[in-house]
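Welcome, and please open the structure in your viewer. We will walk through it stop by stop, selecting a few residues each time.

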Amino acid sequence: MVRGRRAIRVGTTAAGCALLLAACGRGGPAPAADGTGPTPVRAAQAPAAQPVPRGEGSEVPDDFNGDGHRDLVLDDLVKAESHADDAGIGIVYGSARGPAPATRQLLTPAKYAAPTDGQIPAVFEAESACDLDGDGFTDLVVTTDPPYDGQGRPPVPLQLLFGSPAGPAARAVPLAVPGTARFGNDWPERPVCGDFDGDGAQDLVLHASAGHLSYLRGPFTREGAPREAGAPVPSPGEAPTGPAADVNRDGYDDLVVRASAGPGAAALVLGGPDGPTRTAVALPAGTDVALGSFGRGKALDAAVGGADGTALRFDLPASRRGTLDAPGTALDAADFDGDGRTELVLGEPAVRVLPGRATGPVTEGAVTVEPAAEGTTRVLTAGDFDGDGRADLVVRTNRGDTKDTVEVYRGTANGLVTREPSVTFSTAYFLTP
């Protein structure tokens, strides 16, 4: 999973991502409208890798090969044996029926990372994804571990992998962060994509230090340089959190900034002609934040989860309040039935989906996702992957470092189908040529 997109979910029918597939990759009959369909692919039946379809560019999010179908990024892949090196980043490419595990690409640091002083990074992890150069192919922002002796300002650990008709095909390039855009001696990290100045190009916001953000205006060159980067932007917190969204519908993307990378207070920062410079409203302290159309107001709403319950803030940046008697230490949000209301997903200790109502999510009628696999289950992502206007839910169950199961649950007009996943596979597929 793209790390920069984990802490906050934008819950609209077009946001987020999920996974849907008929049996054996790209073949087989399509699932029925009522959620029934063919026998899912099982982890033991790893299909032989297929070539990545060549696209011509699209405006679909997370479409690295530009063929008009959304793709899925997977981080923290399982290992061939415990304590082995990280294999890299996996991409499952999309098709008309959704992403197909047979059409996959492994991005290893040895092949795709830019070396620093001749040294290939050991860390190579996905952070955020957007079309940074505006060519119709999604690009991937990754973090690495460049060598640093601890003296002075650390190097920039972020690199850009540019999409193409065949997906990411060339080595990454280091992200250029001008010295004038940096503040203090922290590592520039936690990248968040968004069109914060409303000019139609994707920008990047990074953590700087001491209550400041680095704001890099897009589009970006293939050498990794932004179109413009001004002085650091004062911020209400240290940790910008994505994905960004136009919360108040004014044409500028906004973002949540947490006081720190861990649990605590957060604030909504609004974009504008000068970028994300206006702190709009403080959010309650919590462990996770999700944005969505929970209250059917004019603007998006926020759910702030914690161990004792979930706080709601409606019609942002207004502060009409609500509460849910449901712990929400890990939150996601998406519209699974396509009715325009956002459902709230509570990811811990069990994965529960709370129905959306005109007054917001409710606990009555909540459904629990119960994967067949044993282990620790976490939500990977949620959103519309097959283009039917309804979100799907992707969860992953880990059993140590060497075994996992990814399961996809379809959204339908009647809600999320939880009785059986539409596809099941393992990230161990990426270890198979």
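A contact on this tour means heavy atoms within 4.5 Å. With that in hand, select L216: leaving aside residues up to four places away in sequence, L216 touches L175, A176, V177, P178, A181, D203, L204, L206, P226, E228 and A229.

Before moving on, a word on what you are looking at. This is a predicted model, in which local features need pLDDT of at least 70 and side-chain atom pairs count only at pLDDT 80 or more, while totals for chains, interfaces and linings use all residues. Residues are numbered from 1 along each chain as its sequence is written, and side-chain values use heavy atoms, with hydrogens and water left out.

**Colour by confidence**

The predictor's confidence in each residue, pLDDT, runs from 0 to 100. Its mean over the protein chain is 87, and 90% of the residues reach 70 or more. Now select residues 1-39, where the pLDDT is below 50; this stretch has 161 contacts in the model beyond near neighbours in sequence.

**The nonpolar core**

Next, select L132, L160, L175, V177, L204, L216 and F220. These have the most contacts inside the largest nonpolar core, which has 17 residues. Such a core is a set of buried Ala, Val, Leu, Ile, Met, Phe, Trp, Tyr and Cys residues joined through side-chain atoms within 4.5 Å; buried means under 20% relative accessible area, using a 1.4 Å probe and protein chains only. Strands β7 (158-161) and β10 each supply at least two residues of this core. Strands here are DSSP runs of E with at least two residues, numbered from the N terminus.

**Aromatic pairs**

How many aromatic pairs does the structure hold? There are 3, counting rings of Phe, Tyr and Trp (its six-membered ring) whose centres lie within 6.5 Å; planes under 30 degrees apart count as stacked, over 60 as edge-to-face and the rest as tilted. Show F196 and Y215: this pair is edge-to-face, at 6.4 Å centre to centre with 80° between the planes. F196 sits in the loop between β9 (189-194) and β10 (203-207), and Y215 in strand β11 (residues 212-217), so the pair ties together parts that are 19 residues apart in sequence. Both F196 and Y215 are buried.

Then jump to F425 and Y429, a tilted pair with 5.7 Å between centres and 45° between planes. F425 has a relative accessible area of 0%, and Y429 has 2%.

**A three-stranded sheet**

Select β2, β3 and β4. These 3 strands form an open sheet in the order β2-β3-β4, with antiparallel pairing; two strands pair if DSSP finds at least two bridges between them. β2 (72-74) and β4 (104-107) stand at the edges with a single partner strand each, so one side of each has no neighbour in the sheet. Strand β3 (residues 89-92) is joined to β4 by 4 bridges, and V92 has R104 as its bridge partner in β4.

Move to β20 (residues 309-314) and β21 (residues 320-324), antiparallel strands joined by 5 bridges. Here A311 is partnered by T323 in β21. In the 5 residues between these hairpin strands, look for D315, which takes a positive phi near 55°.

For the last stop, select β23 (residues 343-346) and β24 (residues 351-354), which form antiparallel bridges, 3 in number. The two make a hairpin with 4 residues between them, and L344 has L354 as its bridge partner. β24 also pairs with strand β27 (residues 367-369) over 3 bridges in the antiparallel sense, where V351 stands opposite V369.

Terms used
Buried < 20%, exposed > 50% of the residue type's maximum accessible area, 1.4 Å probe, protein only.
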